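Open the model in your viewer and keep the selection panel at hand. Each stop says what to select and then what is there.

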Amino acid sequence: MLMSVDTDLLRVLADPLRLRIVTLLARETLCTTHLIEETGARQTNLSNHLRVLREAGVVETEPCGRYTYYRLCPDVIASLADRFAELAEAARGAAATKRACL
């Protein structure tokens, strides 16, 4: 059965800065300080984007002293990838199917 893609998650990942954060966190677990250095974003802006990613379940936090580390939740990304793979497979199967106009 063809599943729909989570549009809320797509909106979360559609923001360029959030996508950059996700890309960085796919490589390693980083604290806010590292993310500020890597993205050039201001701390308040970055924190707001991290909150959105956390609420969407895309990242997890790990307190470490006075710092908070962020890591990507790979299962969320894998689930999204699976849904897109399913859509691609359905499109391959439907390439020769055409609904007649009336």
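**Before you start.** This is a predicted model, in which local features need pLDDT of at least 70, side-chain atom pairs count only at pLDDT 80 or more, and totals for chains, interfaces and linings use all residues. Residues are numbered from 1 along each chain as its sequence is written, and side-chain values use heavy atoms, with hydrogens and water left out.

**Stop 1: a helix pair.** Select residues 7-14, helix 1, and residues 74-94, helix 5. Helices here are DSSP runs (H or I, at least four residues), numbered from the N terminus. The two pack at an angle of about 115 degrees, and their axes are 12 Å apart. Axes are lines fitted to C-alpha atoms over the stretch in contact, and angles run from 0 to 180 degrees between N-to-C directions. Helix 1 and helix 5 are therefore roughly perpendicular (65 to 115 degrees).

Which residues make the contact? On helix 1, show Leu 9, Leu 10 and Leu 13. On helix 5, show Val 76, Ile 77, Leu 80 and Phe 84. Contact means heavy atoms within 4.5 Å. The contact residues divide into seven nonpolar, no polar and no charged. Nonpolar covers Ala, Val, Leu, Ile, Met, Phe, Trp, Tyr, Cys and Pro; charged covers Asp, Glu, Lys and Arg; polar covers the others, Gly among them.

**Stop 2: helix 4.** Select residues 43-55, helix 4, and find His 49 there. Is His 49 buried or exposed? At 11% relative accessibility, His 49 is buried. Buried means under 20% relative accessible area, exposed over 50%, and partly exposed in between (1.4 Å probe, protein chains only). Now show Asp 15, Leu 17, Arg 18 and Ile 21: His 49 touches them, not counting residues up to four places away in sequence.

Move to Asn 48, also in helix 4. Asn 48 is partly exposed, at 41%. Draw a C-alpha to C-alpha distance from Asn 48 to Arg 18: the two are 9.9 Å apart in space and 30 residues apart in sequence.

Stop 3: Select Cys 31 and Cys 64. How many disulfides are there? The count is zero, where a disulfide is a pair of cysteine sulfur atoms within 2.5 Å. Cys 31 is buried, at 3%, while Cys 64 is partly exposed, at 40%.

Terms used
Parallel < 35°, antiparallel > 145°, perpendicular 65-115°, else oblique.
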